[in-house]
Amino acid sequence: MKKQTRKSTARRRTSGRGAPGRKNKKLHADGFRMPATMSLLVVLVFGLGLFYLWFSSRTVALGRQIEIEEQALEDLRRQVAGEEVRWNELIGPRNLQAALVSHRLEMDWPRADQVIHIRDMALWESNAGQLNVVGQLDRRGDGGLRVQ
Amino acid sequence: MRIPPYWIRAGVVGLFFISLFGGLAARVTHLQLGDHAELRSSYQRKVVFQTRLQGGRGRILDRNQRVLALDETRKNIGIDPQFIHRHNDPQRVQAALSRFLRVEPALIGTRMADRDSQFYSLEKYVEDARATELDAYLTENSLRKGVVFQKVKTRTYPHGNLLAHVVGFENREGVGSAGIEYEMNRFLVGKGGLRVGQKDGNRREMVSRRQVQIDPQDGADVVLTVDQYLQYGVEEALEKAMSMYNAKGAWAVVMDSRTGGILAMASKPDYDLNTFYSTSPELFRNHALGATYEPGSIIKPLVFAAAMNEGLVDPDEMIDCEQGVWMHRNRPLRDYHPYAELSAADVLKKSSNIGTAKIGLRLHPHAVHAYYQKFGLGRKTGIDLPGEETGISHHPRNWDSLTHSRISIGHAITVTAMQMAAALNVIANDGKWIQPYIVSEVKATDGTLLYKRQPDPQGTRVLRSDVARTMRRLMARITEDGGTGRRARFGEYAVAGKTGTAEKVLPGGGYAKEKNIASFAGFFPAENPVLTIVVSIDEPTGDLRTGGSVAAPVFAEIGEYAAGYLTIPVEGF
């Protein structure tokens, strides 16, 4: 009995295509078969969705970064302004005078014969001898430097 | 054909989900496409915001690019008592605030005790360093909740009183209200920006959804011709004089003789620019520009120069000074010291009223008026600072019988110290009047030059060059021995100048004998002038209240300081 069954099975297997009996699911799918265009569309939509999520999260991250940088910039500006105020107070004439007194330094102006004026004569002449040339030496003038 | 039961079950479930999502989709579509003005405006109100971004105000710098005024961020500190009582420890918060803030601890206690209130301001404009320190302390001790820190921009003047009347101040609304802050407001004020975006449930901006961002632009930097160290020397000298002579006020102008650039301008009493709001408005007045007074004898060199320019007087000719009293049009004109005869040069040196009046009378009244006009009296100098007064210089048709003789000695005319500096500078500058100025240049934050003052080397010719040269020599004699201005001399420098003592005019007419303005106006080195300086002391007290005794020493002190600081050679540049 057992032997007969084996034979009949073997027969069924060799019965060829289209033969009645069990279906070859690999060759004859009865379910929904998605068209290639549709598949492409689904993949595209899915891809777009993923891109949107990535893009959105990236934008949010960049937004946060901008916020941090803006805050840092503002803090730095605040610091710079604060330092500028402190520095200018420090080098202000009143503070310098107080520092001289506190260090018991007695300073006087140099005598006229102790001073050598160095001027850029070209600039000097072009400015009709402006006083503000003194102490703001411009070495770019054509006339070069001359010691008077 | 029989439908399997599981198909029916699947169909029901499917239908449920389809109706659910379909319904939602329909609602969303309806909300999106429908006309829901109320909903939209509610969303706009809650989520969308629009903020104006404030551009910073430009800085004010001196000629060496030292900062005189700038913007600084500070913090207003307050508390939310209700929140603190719910989520924090009021006692410890109070103790911490008392430690860092400059507020009476009792006041903090009173405000903290008001449990129903949601906000109380404790201290405004707290320096950034102190606020940061307090913030760190509170955070470290878990006491930060309910303490409010609000950032505010404020204008800071690092040198307080120094140059108060020149720099001026910006009011709380951000508008320049005095001095350069007012005059150059259009350059200093920044351009506002705009930000439109959305905020989340915590009212914080979602930066990723920012729609519009127009960055603000900071205002331009204004560079002045003044020098803060020279200014300090001038202010110290004035303070000392005020204290020594118990004077009501004092003012001075230091000008570059060749360009007209103002190197220092001081007016006392002054005020701290950082606390302008608690200052009496009386103190805002810049007396160097805004106080008009009869100049007295400091005007004499102008009359003398005008007469010499017209060929009506020779320095060597002798003039009868009438032994100190001269009856002119039935009214006596007196000299401080009586003289019989003086050379014209000595009339100036001894400051004889009679001699000068006689020289002035040689000029036609219209000529006197015209020369005064050319010297810039009776009109504004046009310096780039607000609050300048015109002074009074009447037309000859409005003169009375005595005006002609009195106007030559500095009566019947009023001037400002600035006008006198510019007028005297005509003699220092080879006979040419040049307009004084105080703004050197304006630079945008990116370094672009928006404005640059070009000094006018030509100026307006008032006197011939040789007359100006002679006048410089004659004025230098005034500070020599025997002259009224000998106390204006300093070091080895030859100083040319003129003393002046003018009694103040009473409101109802006449002069106040006890109230005078002592002045000294001059320049140095006499032959080749570099600086022109005018000093006036208002109502000095004591026995000697003349320009020669009170103002001349101040001139010498300022001159010595300036000569040393600017290293001016004895013979000039």
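Residues are numbered from 1 along each chain as its sequence is written, and chains are lettered from A, ligands numbered from 1, in the order in which they are written. Because the model is predicted, local features need pLDDT of at least 70 and side-chain atom pairs count only at pLDDT 80 or more, while totals for chains, interfaces and linings use all residues.

Chain A has four helices and two strands; helices (H or I, at least four residues) and strands (E, at least two) are DSSP runs, numbered from the N terminus. Their order from the N terminus is α-α-α-β-α-β. Chain A has 148 residues, of which 5% count as buried. A residue is buried if 20 or more other C-beta atoms lie within 10 Å of its own, exposed if 12 or fewer, and partly exposed in between, with C-beta atoms placed from the backbone.

The mean pLDDT of chain A is 73, and 58% of its residues reach 70 or more; pLDDT is the predictor's confidence in each residue, from 0 to 100. Over residues 132-148 of chain A the pLDDT is below 50, and this stretch has 28 contacts in the model beyond near neighbours in sequence. Two residues are in contact if their C-beta atoms, placed from the backbone, lie within 7 Å.

Between the chains, 27 residues of chain A are in contact with 32 residues of chain B. On the chain A side, the elements that give two or more residues are α2 (36-90) and α3 (93-102). The largest share, 14 residues, comes from α2(A). By class, this side of chain A has twelve nonpolar, nine polar and six charged residues. Here Ala, Val, Leu, Ile, Met, Phe, Trp, Tyr, Cys and Pro count as nonpolar, Asp, Glu, Lys and Arg as charged, and the others, Gly among them, as polar.

**A five-strand sheet in chain B**

An open sheet of chain B has five strands in the order β11-β10-β22-β21-β20, with antiparallel pairing; two strands pair if DSSP finds at least two bridges between them. β11 (262-268) and β20 (496-505) of chain B stand at the edges with a single partner strand each, so one side of each is left without a neighbour in the sheet. From one strand to the next the twist averages 10°. Within the sheet, β10 (residues 249-256) and β22 (residues 531-538) of chain B pair over eight bridges in the antiparallel sense, and B:Met255 stands opposite B:Thr532 in β22(B).

Helix α10 (residues 228-244) of chain B packs on the sheet and touches β10, β11 and β22 of chain B, its direction making about 30° with that of β11(B). Helix α19 (residues 547-565) of chain B also packs on the sheet, touching β10, β20, β21 (511-524) and β22 of chain B, and its direction makes about 140° with that of β22(B). Axes are lines fitted to C-alpha atoms, for helices over the stretch in contact, and angles run from 0 to 180 degrees between N-to-C directions.

**Cores and strand β9**

The largest nonpolar core has 144 residues, of which B:Val222, B:Ala252, B:Val253, B:Val254 and B:Ile558 touch the most other members. Such a core is a set of buried Ala, Val, Leu, Ile, Met, Phe, Trp, Tyr and Cys residues joined through C-beta atoms within 7 Å. A second, separate core of 14 residues includes B:Val93 and B:Leu122.

In strand β9 (residues 221-224) of chain B, B:Asp221 and B:Val223 point one way and B:Val222 and B:Leu224 the other way, and all are buried. Strand β2 (residues 60-61) of chain B runs parallel to β9(B), joined by two bridges. Four bridges join β9(B) to the antiparallel strand β17 (residues 439-443) of chain B, where B:Val442 stands opposite B:Val222.

**Backbone details**

Most residues other than glycine have a negative phi, and most peptide bonds are trans.

| Residue or bond | Feature | Value |
|---|---|---|
| B:Lys268 to B:Pro269 | cis peptide bond | omega near 0° |
| B:Phe524 to B:Pro525 | cis peptide bond | omega near -20° |
| B:Ser351 | positive phi, not a glycine | near 60° |

B:Gln65 is exposed, with 11 other C-beta atoms within 10 Å, whereas B:Ser351 counts as buried, with 28 C-beta neighbours inside 10 Å.
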